[in-house]
Amino acid sequence: MISYSNLLELASGDSPTFGRMSRQIPRIMAVAGIMSNIDNDSKESLSSDLSPKDRIIIVANELPIRAQRKLESSTSWTFSLDENSLLLQLKDGLGSEEATTEVIYVGCLKEDIHPSEQEEVYQLLLENFKCVPTFLPLDLYTRYYHGFCKQQLWPLFHYMLPLSPDLGGRFDRSLWQAYVSVNKIFADRIMEVINPEDDFVWIHDYHLMVLPTFLRKRFNRVKLGFFLHSPFPSSEIYRTLPIREELLRALLNADLIGFHTFDYARHFLSCCSRMLGLTYESKRGYIGLEYYGRTVSIKILPVGIHMGQLRSVLSLPETENKVKELIEEYSKKGRRMLLGVDDMDIFKGITLKLLAMEQMLTQHPEWQGKVVLVQIANPARGKGKDVKEMKAETYSTVKRINNTFGRPGYDPIVLIDAPLRFYERVAYYVVAECCLVTAVRDGMNLIPYEYIVSRQGNEKLDKILKVENHHKSMLVVSEFIGCSPSLSGAIRVNPWNVDAVADAMDSALEVAEPEKQLRHEKHYKYVSTHDVGYWARSFLQDLERSCGEHGRRRCWGIGFGLSFRVVALDQSFRKLSMEHIVSAYKRTKTRAILLDYDDTLMPQGSIDKRPSSKSIEILNTNFIAETQLKSIGERVRERESGLLGDIALAFVRVTRVSVLGGKEWILNGLHELCLTSRHDSDL
């Protein structure tokens, strides 16, 4: 499929033009063959609300929406906002800017909606929640999400190579095609609501990594940001991916790419350098990649939590009652709580944590009967054999440890695998003396942040805990998670070293009270000032800065399929005119012809680096004596002499001016692409 987005304009030499789109939301096709008319319905239409505001289109795999079918009807749905969704918290984090910013969400629903209901659901979500649902056939969604995302991208980004069929999924091109198809469907949905001249588009996570290419094809100047919430692996791991270049080039069609840590950004830049030959530079604290005349900015900033939401949950009567219940169950019985909160995921290191607990009880028998590890295991997000095996191993390990160290009325490990409400989880945070996060690889992990804020508590919880404002907390965190560099007061561990984790657990229990307070104060100061609002505002400010050059550049879209990219040139650029070339050629007496060496004078893969006799004959026949040839290439100097017989030849770099015969030959930049000869040069 040809993907030149403005081929006619490129041929004519004119800059691309974009007619200003109406601020109204255009007519949409929610279901094939059914057109919606929300743009002209009434003064109360959504489009009239959007007109005076800036707009941000937030795109993610899932919408921040909870759906539930009405009990009295099998064909109707009720929807509510998911307060725990990062996307929703991101909007709240805009603060005073929220009044002047319209946020629209594009994504999938967790529930499968029958095609006959999709039009009704589409209208309801758009009008009431400003959400644009993307409906996918169940089979396509399964191959896209549970197939390519969870069985191929997710393991690889967490450093798990498919060395055997049992260790992650081998690359399956049909799953890759499903992934690309879904990204294309997302692009179509965005096109229904976007105003490309004014709106900002913010794409989230690895599910939609090729979406920037589809949007950049449609609108060369779209304001586009992408944030990766998972780790980005080192180049040695990433290079094993068969579609490695396609993903890199797709991401480079964004204006700003965000990562949680410097290591993730460094790995991405290394991949771009090794696989695409790109270089980056840092200017005034900003990292930028030059990509076909565009500067793609790199943002390094870990996400935070929603302070307002967590504080409101801490104030709930339900939270206070649950805290009292846990104090009765643990504290008043003389048992100190260690807490782990993880998804039932192979990368969360739950089993390693359990083994460390077993090791600590063995090495320090004085803790037997006094310390309890409460492990909250959230339901797994993925499916597959590895998840089932990990669950089985977890249950068997818990059973063995409890049988070994347990006694009547005491189990050293309490595994909670049933879904908990958020206030219940917060209550565990409040009571736990130490939080353990031993993931073997994780993009960010906000559990330590939630724990720190929960331990700060409030006046009512202080009275229940009898802490008198002397707040303290302890953290044992894996060095392989994104939040680790931000928590300098935590005890960092290698989760694979069970002995070291066991020692860290013992140390956390033995730390003096004043030191616990100092560590807590340091962490709380950072977490409370670097919340989700700070993260969102910082990213959007950098996105606006990164798009500042759009109006001052002339852009052309070139390339096929996922190799599409935009060439951005200065406003003074002029297309090379054949008439101008012929006239200049006839007018001058001394000329220079620039030829590429590889793939022009000789085949790229040729072992013999000398041009063929046929090439030399063509050059001798077509160029008169006054013409000098320059070959642009990197061939070694010792082979320059005699390669082209009697034809004068100089090897130069494209970026360098060469002196021939005492005259300076000047390449007048991309805007002219014409060679002239001067005796008195300005250079």
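**Close-up views of a predicted model**

**View 1. Arg 425 sits in helix H15, which spans residues 422–431.** The model shown here and in the other views is predicted. Arg 425 counts as buried because its relative accessible area is 18%, and the cut-off for buried is under 20%. Leaving aside residues up to four places away in sequence, Arg 425 touches Val 341, Ile 376 and Glu 450.

**View 2. A nonpolar patch lies on the surface.** Four residues form the patch: Leu 576, Met 578, Ile 581 and Val 582. Together they have about 320 Å² of accessible area. Ile 581 belongs to helix H21, residues 578–587. The relative accessibility of Ile 581 is 33%, so this residue counts as partly exposed. Patch members must have over 30% relative accessible area.

**View 3. Cys 271 and the closest cysteine sulfur, in Cys 272.** The sulfur of Cys 271 is 7.0 Å from that of Cys 272. A disulfide needs the two sulfur atoms within 2.5 Å, so the distance of 7.0 Å is too far for a bond. A search of the whole structure finds zero disulfides. Cys 271 is buried, with a relative accessible area of 0%.

**View 4. Cys 555 is a buried cysteine.** Its relative accessible area is 6%. That value falls under the 20% cut-off, so Cys 555 counts as buried.

Technical notes: Residues numbered from 1 in each chain as written. Predicted model: local features only at pLDDT ≥ 70, side-chain atom pairs only at ≥ 80, totals over all residues. Heavy atoms only, no water. Patch = residues over 30% accessible without salt bridge, like charges linked within 9 Å, V, L, I, M, F, W, Y side chains within 5 Å. Areas by Shrake-Rupley, 256 points an atom, 1.4 Å probe, with all protein chains shown as cover. Salt bridge = Lys/Arg side-chain N within 4 Å of Asp/Glu carboxyl O. Helix = DSSP H or I, 4+ residues; strand = E, 2+ residues; numbered from the N terminus. Buried < 20%, exposed > 50% of the residue type's maximum accessible area, 1.4 Å probe, protein only. Contact = heavy atoms within 4.5 Å.
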